[in-house]
Amino acid sequence: KDIPRSQMRAHIDLVNGDCEEIQSSCPWTQIGCRETKTMKLQERRKHEEDNASGHLMLLFQTVMQLFSMVGRTMRDSGQLS
């Protein structure tokens with residue numbers, strides 16, 4: 001497949017790119033996904049589809065932790081009564 005040089009960066013982007021040959025790990029590992037192997041695009045898409053509800057739960061837990069941290073920070077700094 002001929003990719004113009006100007007589009008190469010987007011093509012090989014590890015998260016949003018469409019290159020079938022680039023291997024990457026699950027982007028959800030940053031918030032707790034336990035899948036550690038590197039996968040080609042098709043395999044990673046299947047993993048993301050098969051684990052969508054688990055990934056959303058990880059996201060929810062992360063957001064709740066952030067809310068808690070922000071609340072403590074604001075309370076400790078006197079911004080909340």
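A: Happy to! A residue counts as buried under 20% relative accessible area, as exposed over 50%, and as partly exposed in between. Please keep in mind that this is a predicted model.

Let's begin with Met64, which has its place in helix 3. Its relative accessible area is 41%, so Met64 is partly exposed. Met64 also belongs to a nonpolar patch on the surface, formed together with Leu56, Met57, Leu59, Phe60, Val63 and Phe67. Taken together, the residues of this patch have about 680 Å² of accessible area.

His55 is also part of helix 3, but His55 is buried, because its relative accessibility is 3%. Leaving aside residues up to four places away in sequence, His55 touches Cys26, Trp28, Cys33, His47 and Glu48.

One of these contacts, His47, takes us to helix 2, which spans residues 41–50. There, His47 is buried, as are Leu41 and Arg44. Looking down the axis of helix 2, you would find its buried residues within an arc of 125 degrees, which means that they line one face of the helix. Helix 3, residues 52–76, is included in what covers these buried residues. On the face of helix 2 turned away from its buried side, you will find Gln42, Lys46 and Glu49, which are exposed.

Terms used. Residues are numbered from 1 along each chain as its sequence is written. This is a predicted model: local features need pLDDT of at least 70, side-chain atom pairs count only at pLDDT 80 or more; totals for chains, interfaces and linings use all residues. Side-chain values use heavy atoms; hydrogens and water are left out. Buried means under 20% relative accessible area, exposed over 50%, partly exposed in between (1.4 Å probe, protein chains only). Helices (H or I, at least four residues) and strands (E, at least two) are DSSP runs, numbered from the N terminus. The arc is that of the directions from the helix axis to the C-beta atoms. Contact means heavy atoms within 4.5 Å. Patches are made of residues with over 30% relative accessible area and no salt bridge: like charges are joined within 9 Å, nonpolar side chains (Val, Leu, Ile, Met, Phe, Trp, Tyr) within 5 Å. Accessible areas come from the Shrake-Rupley method with a 1.4 Å probe; for residues, only the protein chains shown count as cover. A salt bridge is a side-chain nitrogen of Lys or Arg within 4 Å of a carboxyl oxygen of Asp or Glu.
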